Amino acid sequence: MAIKYHYLKVRDVQDVVVAEFIQSSILDETAIDRVGKEFEQLILEAATAKKLILNFRAIEYMSSAMIGKLILLNKNCKNAKIKFKVCNVTGNILEVFQIMKIGKVIDIHKDEKSALDSFSGPSISKWFGLS
């Protein structure tokens, strides 16, 4: 049975499952636990597509405990052979990601378009300097 999302808006873009936070902050333990359950559901939704993007556009504040949920999501994606990327990480969240070197573990992109484009890899036109 699919759970109802409270903290994420999930949609399909091309052949990629894109999940976007809809809350601006995730700070309390109840919210973090709920997001963890929503991440588990995301793995099931992305199982066929094998591609998942988590969009941080709306997030301004999140507890450090959310980093643990994010790392677990990344690990579960790897185990399920799902390519996982994160985008639109800005402000304080980006600073924390940089300090913790999250980019060494999780593929981070500046925006959703660049994350989507990265799944297809370089096009022939890029190889020949045409784009």
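Figure 1. Isoleucine 99 belongs to helix α3, which covers residues 91-99, in what is a predicted model. With a relative accessibility of 69%, isoleucine 99 counts as exposed, because the class of exposed residues begins over 50%. Together with Val96 and Met100, Ile99 forms a nonpolar patch on the surface, and the accessible area of these residues together is about 300 Å².

Figure 2. Most residues other than glycine have a negative phi. Lysine 50, although it is not a glycine, has a positive phi of about 65°, and its place is in the loop between α1 (29-46) and β4 (51-55). The relative accessibility of lysine 50 is 33%, so that this residue counts as partly exposed. Lysine 101 likewise has a positive phi, near 55°, in a residue other than glycine, and is found in the loop between α3 and β7 (107-109). At 49% relative accessibility lysine 101 counts as partly exposed, since the exposed class requires a value over 50%.

**Figure 3. The salt bridge between glutamate 112 and arginine 11.** The count of salt bridges in the model comes to 7, and one of them joins glutamate 112 to arginine 11, with the closest N and O atoms 2.8 Å apart. Because glutamate 112 lies in helix α4 (residues 112-120) and arginine 11 in strand β1 (residues 8-13), the pair ties together parts that are 101 residues apart in sequence. Glutamate 112 is buried, with a relative accessible area of 13%, whereas arginine 11, at 25% relative accessibility, counts as partly exposed.

Figure 4. The side chains of arginine 57 and glutamate 20 meet in a salt bridge, with an N to O distance of 2.9 Å. Arginine 57 is placed in the loop between β4 and β5 (61-62) and glutamate 20 in strand β2 (residues 16-21), so this pair ties together parts of the chain that are 37 residues apart in sequence. Glutamate 20 is buried, its relative accessible area being 9%. Which residues make up the network of salt bridges to which Glu20 belongs? Arg11, Glu20, Arg57 and Glu112 are linked in it.

Figure 5. Lysine 85 forms a salt bridge with aspartate 107, in which the closest N and O atoms are 2.7 Å apart. This pair links distant parts of the chain, since lysine 85 is in strand β6 (residues 83-87) and aspartate 107 in strand β7, 22 residues apart. Lysine 85 is buried, with a relative accessible area of 9%, while aspartate 107 is partly exposed, with a relative accessible area of 31%. Lysine 85 also lies over the face of phenylalanine 119, at 4.8 Å from the ring centre.

**Figure 6. The edge-to-face pair of phenylalanine 21 and phenylalanine 39.** The structure holds 3 aromatic pairs. In the pair of phenylalanine 21 and phenylalanine 39, the ring centres are 6.3 Å apart and the planes stand at 65°, so the pair is edge-to-face, a class that applies to planes over 60 degrees apart. Distant parts of the chain are linked by this pair, with phenylalanine 21 in strand β2 and phenylalanine 39 in helix α1, 18 residues apart. Phenylalanine 21 is buried, at a relative accessible area of 1%, and phenylalanine 39 is buried as well, at 4%.

Figure 7. The ring centres of phenylalanine 56 and phenylalanine 97 are 5.7 Å apart and their planes are at 80°, so the pair is edge-to-face. The pair links distant parts of the chain, phenylalanine 56 being in the loop between β4 and β5 and phenylalanine 97 in helix α3, 41 residues apart. Ring pairs link Phe56 and Phe97 with Phe21 and Phe39 into a cluster.

Technical notes: Residues are numbered from 1 along each chain as its sequence is written. This is a predicted model: local features need pLDDT of at least 70, side-chain atom pairs count only at pLDDT 80 or more; totals for chains, interfaces and linings use all residues. Side-chain values use heavy atoms; hydrogens and water are left out. Patches are made of residues with over 30% relative accessible area and no salt bridge: like charges are joined within 9 Å, nonpolar side chains (Val, Leu, Ile, Met, Phe, Trp, Tyr) within 5 Å. Accessible areas come from the Shrake-Rupley method with a 1.4 Å probe; for residues, only the protein chains shown count as cover. A salt bridge is a side-chain nitrogen of Lys or Arg within 4 Å of a carboxyl oxygen of Asp or Glu. Helices (H or I, at least four residues) and strands (E, at least two) are DSSP runs, numbered from the N terminus. Buried means under 20% relative accessible area, exposed over 50%, partly exposed in between (1.4 Å probe, protein chains only). Rings of Phe, Tyr and Trp (its six-membered ring) pair if their centres lie within 6.5 Å; planes under 30 degrees apart count as stacked, over 60 as edge-to-face and the rest as tilted. A charge sits over a ring if NZ of Lys or CZ of Arg is within 6 Å of the ring centre and within 35 degrees of the ring normal.
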